[in-house]
Amino acid sequence: MSGERTLKTAADLLAAGLIDDGTVHETEAVARRYAVAVTPAIAALIDPADPADPIARQFLPSSAELVTLPQERDDPIGDRPHTPVKGIVHRYPDRVLFKAVHVCPVYCRFCFRREMVGPDGDGTLAPTEMEAAFAYIAAHPEIWEVILTGGDPLILSPRRLAEIMRGLAAIDHVRIVRFHTRVPVANPDNIDADLIAALKESGKTLWVALHANHPRELTPQARDACARLVDAGIAMVSQSVLLKGVNDDPTVLGALMRAFVESRIKPYYLHHPDLAPGTGHFRMDIGEGQAIVAALRGHVSGLCQPAYVLDIPGGHGKAPLGPDAVAPGPDGCWSVSDYRGGLHVWPPRP
Ligand SMILES: *Cc1c(COP(=O)(O)O)cnc(C)c1O
Ligand code: SF4
């Protein structure tokens with residue numbers, strides 16, 4: 001049914017039986033606005049007979065995406081004000097994001113960087129831009145950790161990854177290289193010996209943060225891919241987004257966290273959805289999110305507890321949202337503090 005190549009258009013999705021004639025037009029309209037990609041591994045997980053399928057909801061375009069709310073914004077977490085050179089985001093003192101590539105194996109419908117990623121996105125860094133990014137890291141001895149994200153860095157070929165890793169190997173003060181990726185789930189076969197050997201060319205301590213949101217994504221193939229990374233000495237953490245209609249249920253969320261821990265992946269972050277355009281149908285109130293997170297406590301292992309966080313709009317960084325961390329204020333607003341103690345109202349005024 002799903003075929004062997006990535007589905008990128010409404011016609012592809014129709015031919016694969018993932019959408020029907022009635023939704024082709026709206027799917028085309030969404031695909032004109034935001035990138036679409038569904039890999040064979042993800043397509044195989046979708047049950048087209050289930051209108052509420054949590055995998056379909058994450059990856060198949062919906063007409064709800066064409067509705068942009070006033071408080072939604074192109075750069076919801078404020079990458080741009082912290083971009084000293086193209087591809088680098090330096091928001092926190094000791095670590096930078098390094099966005100070498102702006103494509104992903106699959107495009108999440110709730111993506112917080114949806115205005116930057118995709119075939120029409122910010123592209124891959126040109127050689128001179130790559131040199132400028134390395135020069136920036138080399139010139140800032142306070143940078144202890146480089147976080148490759150984007151886009152999905154593990155979509156790069158082992159040859160290109162090895163080049164980047166050799167660039168980082170030459171910078172002594174960088175001790176940790178972290179990758180944020182969906183590849184072990186979306187394209188598990190790509191996690192092979194060549195890719196792992198390429199990562200190891202950095203000579204640094206390696207961490208991989210796996211992005212997954214529903215326990216069904218942790219298929220035997222995905223778990224094997226993660227096992228190859230962990231067996232190679234690469235530490236893993238998880239990153240998920242709390243999404244209405246996908247994992248906004250303590251049973252589902254608990255099963256997801258257990259699937260991570262079973263795969264030797266320590267649950268790390270559970271993000272409140274960012275204010276990306278056309279993603280309102282995925283967001284719940286912070287109070288609802290807190291109730292779901294609180295329901296995990298005690299009922300599932302302490303290993304399975306992620307930190308519930310919000311990326312504060314404007315580039316103020318992540319803030320804990322755990323049940324004890326923030327309280328509701330007047331008018332249904334929340335007061336969220338950044339790590340420097342600054343207070344921010346959520347949702348921000350449009
Ligand atoms: C999320 C993020 C990081 C990583 O934060 P951790 O709390 O270390 O996981 C680093 N830089 C930027 C700009 C970020 O948005
Ligand atoms: S993998 Fe990350 S960057 Fe890529 S579409 Fe999904 S959320 Fe966006």
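This briefing describes the pockets, the cavity and several individual residues of one protein structure.

The structure is a predicted model, in which local features need pLDDT of at least 70 and side-chain atom pairs count only at pLDDT 80 or more, while totals for chains, interfaces and linings use all residues. Residues are numbered from 1 along each chain as its sequence is written, chains are lettered from A and ligands numbered from 1 in the order in which they are written, and side-chain values use heavy atoms, with hydrogens and water left out. Helices (H or I, at least four residues) and strands (E, at least two) are DSSP runs, numbered from the N terminus.

**Annotated domain**

- An unreviewed UniProt entry places the feature "domain: Radical SAM core" at residues 90-324; UniProt positions are given in the numbering used here, feature names are shortened, and annotations may be inferred rather than shown by experiment.
- Residues 90-324 are 31% helix and 21% strand, with 29 Å between the end C-alpha atoms.

**Pockets and cavity**

- On a 1 Å grid over the protein atoms alone, a cavity is a set of points where a 1.4 Å probe fits but cannot get out, and a pocket is an open set with protein on both sides within 12 Å along at least five of seven lines; lining residues have an atom within 4 Å of a point.
- Grid points are joined across faces, edges and corners, and a volume is the space filled by probe spheres set on the points.
- The largest pocket holds about 800 Å³ of space, and among its 41 lining residues Phe112, Arg113, Thr149, His180 and Gln239 lie nearest its centre.
- Elements giving two or more residues to the lining of the largest pocket include β1 (88-92), β3 (145-149), β6 (235-241) and β8 (307-312).
- The lining of the largest pocket comprises 23 nonpolar, nine polar and nine charged residues, where Ala, Val, Leu, Ile, Met, Phe, Trp, Tyr, Cys and Pro count as nonpolar, Asp, Glu, Lys and Arg as charged, and the others, Gly among them, as polar.
- The second largest pocket has about 470 Å³ of space; of its 23 lining residues, Leu18, Pro51, Ala56, Leu60 and Pro61 lie nearest the centre.
- Two or more residues of the lining of the second largest pocket come from each of α2 (24-33) and α4 (54-59).
- There is one cavity of 30 Å³ or more, and the largest cavity contains about 50 Å³ of space.
- Residues lining the largest cavity include Tyr34, Tyr107, Cys108 and Arg114.

**Arginine 182**

- Arginine 182 lies in the loop between β4 (176-181) and α7 (183-186).
- Arginine 182 is buried, at 4% relative accessibility; buried means under 20% relative accessible area, exposed over 50%, and partly exposed in between (1.4 Å probe, protein chains only).
- The arginine 182 side chain reaches the backbone oxygen of histidine 211 at 3.4 Å.
- Beyond its neighbours within four places in sequence, arginine 182 is in contact (heavy atoms within 4.5 Å) with residues including Gln58, Cys108, Asp152 and Glu217.

**Backbone features**

- Most residues other than glycine have a negative phi, and most peptide bonds are trans.
- Glycine 150 and glycine 151 are joined by a cis peptide bond, with omega about 5°, and glycine 151 is in the loop between β3 and α6 (158-169).
- Another cis peptide bond, with omega about -5°, joins tryptophan 346 and proline 347.
- Arginine 264 is not a glycine, yet has a positive phi of about 65°; arginine 264 is partly exposed, at 45% relative accessibility.

Methods:
A polar contact is a pair of N or O atoms within 3.5 Å; within protein, one must be able to donate a hydrogen and the other to accept it, and residues adjacent in sequence count only if both atoms are side-chain atoms.
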